[in-house]
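Work through these exercises with the chain in view. Try each task before you read its solution.

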Amino acid sequence: MLTYLFSTICCAAYLSPIISHVKGKEFTEQDMAHYRDRIKSMFYHAYNSYLENAYPYDELRPLTCDGQDTWGSFSLTLIDALDTLLILGNHTEFQRVASLLQDTVDFDIDVNASVFETNIRVVGGLLSAHLLSKQARMEVEEGWPCSGPLLRMAEDAARKLLPAFHTPTGMPYGTVNLLRGVNPTETPVTCTAGVGTFILEFSTLSRLTGDPVFEDVARKALSSLWKTRSDIGLVGNHIDVITSKWVAQDAGIGAGVDSYFEYLVKGAIMLQDEELLTMFHEFDKSIKNYTKFDDWYLWVQMHKGTVSMPVFQSLESFWPGMQSLIGDIDSATKTFHNYYTVWRQFGGLPEFYSIPQGYTVDKREGYPLRPELIESAMYLYKATGDPTFLQMGRDAVESIEKISRVKCGFASVKDVRDHKLDNRMESFFLAETIKYLYLLFDPDNFLHNSGTQFELGGPRGDCILGAGGYIFNTEAHPLDPAALHCCSKNKDERKELQDILLSLSEPLKSPVDESDASGEKDPSSVVSSESIALQPGERGKAPVLSCPTQPFSARLAVMGQVFTGST
């Protein structure tokens with residue numbers, strides 16, 4: 001299945017230089033440049049407002065021009081915005097902030113942090129910045145990308161999350177204290193996305209550092225979650241991580257579930273893992289069978305398939321973009337147009353929208369400047385060249401500027417009906433919303449690279465890096481799959497050499513029979529020899545990345561995917 005997916009997309013690679021630059025009649029090169037400049041201006045208005053009024057707090061409060069800690073006191077907006085700075089072309093500020101974070105951020109703090117949010121925002125943001133350091137013209141240490149200060153920060157943050165995975169099922173608690181671990185009174189109920197949204201960041205960490213623990217816990221959580229699906233192939237919204245019992249049994253693709261499906265697809269692509277793709281396709285069949293109606297996706301009871309909530313949630317807007325990654329363009333486009341009609345109705349997407357009534361749902365009327373519909377527009381424009389997706393980006397720029405811009409940044413919309421504002425600017429506005437908008441109007445950005453440009457790195461300086469195929473985590477932090485291959489390959493070769501030296505340095509076996517009366521050896525009598533190639537404290541090898549036989553330099557990339565040129 002995975003080979004078929006890659007071979008299908010391989011054919012599209014030859015069309016990519018054509019379709020990725022198709023301009024609609026309403027969007028000339030000058031129009032594209034105009035919107036890029038406006039989006040840059042939006043970014044710096046928000047970013048500078050944060051620096052001047054909110055730093056070192058996590059987030060800006062734009063109506064009162066001050067700051068607040070929201071997710072753990074990490075100067076979160078700086079971490080989340082770091083790779084966006086580079087994508088906008090600001091190398092000097094990227095370098096300054098990267099150094100500042102190394103000097104000021106400390107994860108040894110007595111703070112209760114969301115395991116999910118810390119992973120996607122902090123770990124993901126630091127990993128992305130680490131992998132983009134050379135692109136940002138930073139001086140990188142020898143062995144990059146398999147080592148580096150930002151990588152060590154990401155590893156430090158991720159280790160603080162590991163106690164959450166110490167459950168009978170391997171599914172993590174939702175909250176962990178960064179200094180003390182999981183609180184004894186912590187609830188065992190976690191949302192589905194909070195269990196299944198780790199494979200990208202944690203696999204990247206394991207492949208770069210050589211420590212398999214991160215990927216192992218992420219895979220165990222995915223495996224446990226997979227075993228809990230209902231007889232009709234659906235999963236619910238919240239689960240007890242101790243008992244594996246479903247607490248909330250609403251099944252859908254929106255809030256509480258969304259990024260679980262996203263990570264099955266993106267994990268399959270980044271890791272070339274057919275098992276993850278098979279899992280997604282099984283879910284996709286059930287989702288289409290039970291939740292899809294007229295290109296909308298409803299919420300249903302996970303065991304019976306009966307409709308429980310006929311609503312569209314704004315977080316579901318990621319789905320068309322994700323569908324484009326597996327080549328389901330027709331279905332993605334139809335669903336996108338449904339969502340786009342809601343945007344045009346209100347100038348933004350309410351958190352909940354009643355499909356039968358065609359209006360907002362009570363107490364769910366807000367729009368916190370979410371990126372998901374813009375994200376889908378970026379993917380679909382890259383896949384089709386249809387100017388409709390640029391029009392959506394244009395509408396987003398106009399709406400956000402008109403409705404949300406205030407003296408100190410951009411404010412969330414409390415109610416899309418009357419455009420009243422809320423005193424919060426989430427860090428994802430700079431990490432995701434602005435980034436996807438800019439990439440939509442910048443088809444020549446280095447992140448859209450299709451293999452024509454690259455840089456060398458790795459312990460021996462012979463790895464092809466930055467050649468494209470970046471995978472965005474659910475916070476829009478791009479990860480380079482080539483780096484995973486580079487570091488895994490190096491560690492595999494080193495381990496192979498260690499094994500050879502180990503075999504040469506093993507002492508001769510004692511001729512004395514060490515078997516007991518039962519014929520089995522006494523484990524205490526077995527002496528483990530120490531190889532001269534193994535150093536004290538050295539980590540074990542990373543799991544082997546499933547890669548094709550040809551060198552990675554022979555690969556191409558399109559639509560955010562990595563595939564081989566000969567399959």
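**Exercise 1. The whole chain**

What percentage of the 567 residues of the chain count as buried?

*Solution.* Start with the term: buried means under 20% relative accessible area, exposed means over 50%, and partly exposed lies in between, with a 1.4 Å probe and protein chains only. By that cut-off, 60% of the 567 residues are buried.

Keep the source in mind. This is a predicted model: local features need pLDDT of at least 70, side-chain atom pairs count only at pLDDT 80 or more, and totals for chains, interfaces and linings use all residues. Residues are numbered from 1 along each chain as its sequence is written, and side-chain values use heavy atoms, with hydrogens and water left out.

Next, the secondary structure. Helices (H or I, at least four residues) and strands (E, at least two) are DSSP runs, numbered from the N terminus. The chain has 18 helices and 25 strands.

Last, the contacts. Contact means heavy atoms within 4.5 Å. Take the contacts between residues at least 6 apart in sequence: 71% of them join residues at least 24 apart.

**Exercise 2. Two helix pairs**

Describe how α9 packs with α11, and how α4 packs with α6.

*Solution.* Two packed helices are described by the angle between their axes and the distance between the axes. Axes are lines fitted to C-alpha atoms, for helices over the stretch in contact, and angles run from 0 to 180 degrees between N-to-C directions.

Step 1. Helix α9 (residues 199-209) meets helix α11 (residues 258-271) at about 25°, and their axes are 9 Å apart. The angle therefore makes α9 roughly parallel to α11. The cut-offs are these: under 35 degrees is roughly parallel, over 145 roughly antiparallel, 65 to 115 roughly perpendicular, and the rest oblique.

Step 2. List the contact. α9 supplies Ile199, Leu200, Glu201, Ser203, Thr204 and Arg207, while α11 supplies Tyr263, Lys266, Gly267, Met270 and Leu271. Sort these by class: five are nonpolar, three polar and three charged. Here Ala, Val, Leu, Ile, Met, Phe, Trp, Tyr, Cys and Pro count as nonpolar, Asp, Glu, Lys and Arg as charged, and the others, Gly among them, as polar.

Step 3. Turn to helix α4 (residues 76-87) and helix α6 (residues 115-131). Their axes come within 8 Å and cross at roughly 40°. So α4 is oblique to α6.

Step 4. The crossing of α4 and α6 is left-handed; that is, the near helix is turned anticlockwise from the far one by less than a right angle, whereas clockwise would be right-handed.

Step 5. List this contact too. From α4 come Leu76, Ile79, Asp80, Leu82 and Asp83, and from α6 come Arg121, Val122, Gly125, Leu126, Ser128 and Ala129. The classes are six nonpolar, two polar and three charged residues.

**Exercise 3. Ser128**

Is Ser128 buried or exposed, and which residues does it touch?

*Solution.* Ser128 lies in helix α6. Its relative accessible area is 0%, so Ser128 is buried. Leave out residues up to four places away in sequence: Ser128 then touches Asp83, His477, Pro478 and Leu479. Now compare sequence with space. Ser128 and Asp480 are 352 residues apart in sequence, and 8.1 Å apart from C-alpha to C-alpha.

**Exercise 4. Two prolines**

*Solution.* Pro56 is in the loop between α3 (29-53) and β1 (59-61). The bond from Tyr55 to Pro56 is cis, with omega near 10°.

Pro145 is in the loop between α6 and α7 (149-161). A cis bond joins Trp144 to Pro145, with omega about 10°. Pro145 is buried, because its relative accessible area is 0%. Among the residues that Pro145 touches, beyond four places in sequence, are His130, Leu208, Cys486 and Cys487.

**Exercise 5. Positive phi**

How exposed are Arg137 and Asp295?

*Solution.* Arg137 has a positive phi of about 65°, although it is not a glycine. Its relative accessible area is 63%, so Arg137 is exposed. Asp295 is also not a glycine, and its phi is positive at about 65°. Asp295 sits in the loop between β9 (292-293) and β10 (296-297). At 21% relative accessibility, Asp295 is partly exposed.
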